Amino acid sequence: MGARSADDVVAKSLQRKHIIDPYVGYLHRRWNEGVRSAGRLYREIQELGYPGGELAVHGSIEQ
């Protein structure tokens, strides 16, 4: 089922960012260490307990 409105999309996006917040420092550190694969970074934070999706990882390393 898709989003009903732009507010639904924004709310879902904000929720994703919130879920990933505890892992952003780790992601940036790994990026600076030369790990440029979002898929690999996603798998790494999953092992650390990250419950969200891979798209949020892409968004957090592009900022």
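Guide: A nonpolar core is a set of buried Ala, Val, Leu, Ile, Met, Phe, Trp, Tyr and Cys residues joined through side-chain atoms within 4.5 Å; buried means under 20% relative accessible area, with a 1.4 Å probe and protein chains only. The model is predicted, so local features need pLDDT of at least 70 and side-chain atom pairs count only at pLDDT 80 or more, while totals for chains, interfaces and linings use all residues. Residues are numbered from 1 along each chain as its sequence is written, and side-chain values use heavy atoms, leaving out hydrogens and water.

The largest nonpolar core comprises 12 residues: Ile-20, Tyr-23, Leu-27, Val-35, Ala-38, Leu-41, Tyr-42, Ile-45, Tyr-50, Ala-56, Val-57 and Ile-61. At least two residues of this core come from each of helix 3 (38–47) and helix 4 (54–62), helices being DSSP runs of H or I with at least four residues, numbered from the N terminus. Helix 3 gives the largest share, four residues. Beyond its neighbours within four places in sequence, Ala-38 is in contact with Glu-54, Val-57, His-58 and Ile-61, contact meaning heavy atoms within 4.5 Å.

Two aromatic pairs are present; rings of Phe, Tyr and Trp (its six-membered ring) pair if their centres lie within 6.5 Å, and planes over 60 degrees apart count as edge-to-face. Tyr-23 and Tyr-50 pair edge-to-face, at 5.4 Å centre to centre and 75 degrees between the planes. Tyr-23 lies in the loop between helix 1 (6–20) and helix 2 (24–32), and Tyr-50 in the loop between helix 3 and helix 4, so the pair ties together parts 27 residues apart in sequence. Tyr-42 and Tyr-50 are likewise edge-to-face, at 6.2 Å and 85 degrees. Tyr-23, Tyr-42 and Tyr-50 form one aromatic cluster.

How values were computed. Buried < 20%, exposed > 50% of the residue type's maximum accessible area, 1.4 Å probe, protein only. Phe/Tyr/Trp six-rings, centres within 6.5 Å; stacked < 30°, edge-to-face > 60°.
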